[in-house]
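Here is a short briefing on one structure.

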Amino acid sequence: MITEKTLFAQHVEKGLSSTQKFLSSMYFYDKKGEALFREIMNLEEYYLTDCEMEILRVQGNEIAKAIGDEPLDIIELGAGDGIKTKELLKHFDFENVTYSPIDISEQAIIDITAKMKEWLPQLNTKGICGDYFKMIGDFKSDRKKVILFLGSNLGNMTDDQARGFLGQLHQVMNTGDSILLGLDLIKSEDIVLPAYSDSKGVTAQFNLNLLERINRELGGDFDTSQFEHLATYNEKEGIAKSFIRSKTDQTVIIKETEGSYSFKKGELIHTEVSRKYDLDIIRKIIDGTSLQLKYQFTDHRQYFTNLIFTK
Ligand code: AVI
């Protein structure tokens, strides 16, 4: 049987043996990474969370109306702490809806289920612990559903991956079902770059934790003080990228992959894309599915958007 550890080791071997080194942001989220991401979401510079919170707080009622609340399953992918989602959920008729947050972190599911009980005691919450990428087939049902994918999580995929992912969701939807997508909008570098290169260095720790995780789980010997975080943003294409840069010529050994990996001074490991969108980009992504963009909501600064697509 192929274990998670083997998959991680195979990915690291492939990524660090490439001419242009890479590691997937998917591996950011171990326990330490999750805690650091929670810290990022509270940073002044990381505007995304506040903007989406504003949309759901101020326009939650309208969004809930647009989704409609006859018997409805609300499925949230990558639910996190549920603070934003509560602002939307409170506008539904609790008699008619079930809320299923899905998260890979068991603790996140335990916490969100307990908090929802406290905040919205009438809401029927059924938390599910698992990797939503692998569970999409299970969403098929006869009940009307809305799939929530908030926080610009789609932005961590390439456009091709996003197209494939939304195509998969589309396949398990019935006519009348919808997706509520939260997306960060293209804006200038002076706003985006600090969100990925914050003054307290939390994003740097978050990025470098990937090397620490390789040390912890795969027996690597990365000296993380010899690497640094680098964020870039190209406003024209609307893509922020994160890299880890080697500060010196060095070689790292990883027991689990039985490999040694050389880094030149200044050499980069690409670790993340954080795509920013406009409506043209999103239309190109959903082209070829029968998803239709029905409603658009934005915050007062027009930094972020929540879109409703129906099938
Ligand atoms: C989870 N995701 C949408 C975040 C983002 O903005 O790309 C992850 C993140 N990376 C650095 N800061 C936050």
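Of the 13 residues around the ligand, Tyr46, Asn156, Tyr196, Glu272 and Ser274 come nearest. A residue counts as near a molecule or strand if one of its heavy atoms lies within 4 Å of it. This is a predicted model: local features need pLDDT of at least 70, side-chain atom pairs count only at pLDDT 80 or more, and totals for chains, interfaces and linings use all residues. Residues are numbered from 1 along each chain as its sequence is written, and side-chain values use heavy atoms, with hydrogens and water left out.

**Ligand contacts and burial**

- The side chain of Tyr46 places an N or O atom 2.5 Å from an oxygen atom of the ligand.
- A polar side-chain atom of Ser274 lies 2.7 Å from an oxygen atom of the ligand.
- For Asn156, a polar side-chain atom is 2.8 Å from a nitrogen atom of the ligand.
- The protein buries 98% of the 340 Å² that the ligand exposes when taken alone. Accessible areas come from the Shrake-Rupley method with a 1.4 Å probe; for residues, only the protein chains shown count as cover.

**Ligand surroundings**

- Where does the ligand sit? The ligand is in the largest cavity. A cavity is a set of points, on a 1 Å grid over the protein atoms alone, where a 1.4 Å probe fits but cannot get out. A molecule sits in a cavity if more than half of its atoms lie within 2 Å of the cavity's grid points.
- α2 (31–41), α9 (202–218) and β11 (268–275) each supply at least two residues of the shell around the ligand. Helices (H or I, at least four residues) and strands (E, at least two) are DSSP runs, numbered from the N terminus.
- The shell has 6 nonpolar, 6 polar and 1 charged residues. Ala, Val, Leu, Ile, Met, Phe, Trp, Tyr, Cys and Pro count as nonpolar, Asp, Glu, Lys and Arg as charged, and the others, Gly among them, as polar.

**Buried residues**

- Asp177 is in the loop between α7 (159–172) and β6 (178–184). Asp177 counts as buried because its relative accessibility is 2%. Buried means under 20% relative accessible area, exposed over 50%, partly exposed in between (1.4 Å probe, protein chains only).
- The Asp177 side chain reaches the backbone nitrogen of Asn174 at 2.8 Å.
- Val252 belongs to strand β9 (residues 250–254). At 1% relative accessibility, Val252 is buried. Its C-alpha atom is 5.8 Å from that of Phe222, 30 residues apart along the chain.
- Glu87 lies in helix α4 (residues 83–89). Glu87 has 7% relative accessibility, so it counts as buried.

**Positive phi in loops**

- Most residues other than glycine have a negative phi.
- Glu258 is not a glycine, yet has a positive phi of about 55°. Glu258 sits in the loop between β9 and β10 (259–263). Its relative accessibility of 76% makes Glu258 exposed.
- Gln302, also not a glycine, has a positive phi of about 60°. Gln302 is in the loop between β12 (292–298) and β13 (304–310). With a relative accessible area of 52%, Gln302 is exposed.

**A helix residue**

- Leu279 is in helix α10 (residues 279–286). Buried or exposed, or partly exposed? Leu279 is partly exposed, with a relative accessible area of 26%.
- Leu279 and Ala35 are 244 residues apart in sequence and 32 Å apart in space, C-alpha to C-alpha.

Conventions
A polar contact is a pair of N or O atoms within 3.5 Å; within protein, one must be able to donate a hydrogen and the other to accept it, and residues adjacent in sequence count only if both atoms are side-chain atoms. On a 1 Å grid over the protein atoms alone, a cavity is a set of points where a 1.4 Å probe fits but cannot get out, and a pocket is an open set with protein on both sides within 12 Å along at least five of seven lines; lining residues have an atom within 4 Å of a point.
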